[in-house]
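Subject: The model, plus some notes

Hi,

Here is the structure I said I would pass on.

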Amino acid sequence: MPLKMLDSPYREITRPILEYVKSLRRRSPRDVVSVYIPEYVVGHWWEHLLHNQSALRLKGRLLFQPGVMVISVPWQLHSSDRLKGRPRALRARRRTPSAPGGGTGRGRQGITFRMRS
């Protein structure tokens with residue numbers, strides 16, 4: 001399935017995604033909608049305050065929608081690698097994006113945003 005881009009006025013994330021997911025469910029009530037949410041893996045306690053707030057808010061709203069599956073995708077930040085003492089080559093290789101399941105991404109659908117200021 002193709003990647004779907006949604007406009008998001010005023011840097012709003014949760015409402016446009018919820019509306020889009022609800023419209024998908026109305027069109028095909030027997031289908032399950034999968035939503036992938038990237039979440040930062042951080043190395044310092046204070047970084048939790050800076051990151052993942054939108055992801056937590058969105059996940060909290062989507063978990064109560066029937067027929068919606070929420071998938072959290074961890075994304076390692078540099079600070080988490082430094083604390084674990086991992087070599088730099090491993091950090092660079094792990095950040096290379098790839099399609100879920102190791103394929104080319106054909107046959108999958110995703111959502112991305114274009115935020116207006």
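First, the ground rules. This is a predicted model, so local features need pLDDT of at least 70 and side-chain atom pairs count only at pLDDT 80 or more, while totals for chains, interfaces and linings use all residues. Residues are numbered from 1 along each chain as its sequence is written, and side-chain values use heavy atoms, with hydrogens and water left out.

Helix 1 has 14 residues and spans 20 Å from first to last C-alpha, close to the 20 Å expected at 1.5 Å a residue (the expected span being 1.5 Å times one less than the number of residues). Its buried residues are Thr14, Pro16, Ile17, Leu18, Tyr20, Val21, Leu24 and Arg25 (buried is under 20% relative accessible area, exposed is over 50%, and partly exposed is in between, with a 1.4 Å probe and protein chains only).

Now the core. The largest nonpolar core holds 13 residues (a core is a set of buried Ala, Val, Leu, Ile, Met, Phe, Trp, Tyr and Cys residues joined through side-chain atoms within 4.5 Å). Val21, Val33, Val35, Ile37, Leu58, Leu62 and Val68 have the most contacts inside it. Helix 1, strand 2 and helix 3 (53–62) each give two or more residues to this core, and the largest share, five residues, comes from helix 1. In soluble globular proteins, nonpolar side chains tend to be buried together.

Leaving aside neighbours within four places in sequence, Val35 is in contact with Val21, Leu62, Val68, Met69, Val70 and Ile71 (contact means heavy atoms within 4.5 Å). Leu58, in helix 3, counts as buried because its relative accessibility is 5%. Beyond residues up to four places away, Leu58 touches Thr14, Ile17 and Ile37. The C-alpha atoms of Leu58 and Thr14 are 5.4 Å apart, although 44 residues separate the two in sequence.

How many salt bridges are there? The count comes to three, taking a side-chain nitrogen of Lys or Arg within 4 Å of a carboxyl oxygen of Asp or Glu. Glu12, Arg15 and Glu19 are linked in a network: Arg15 pairs with Glu12 at 3.0 Å between the closest N and O atoms, and with Glu19 at 3.0 Å as well. Glu19 and Arg15 are four residues apart in helix 1, so about one helical turn separates them. Glu12 is partly exposed at 28%, as is Arg15 at 39%.

The remaining pair is Glu39 with Lys59, at 2.7 Å from N to O. Glu39 sits in strand 2 and Lys59 in helix 3, so this bridge ties together parts that are 20 residues apart in sequence. Both Glu39 and Lys59 are buried.

Finally, the loop between strand 2 (33–41) and helix 2 (47–50) contains Trp46 and also Val42. Trp46 is partly exposed, at 40%, whereas Val42 is buried, at 13%.

Cheers
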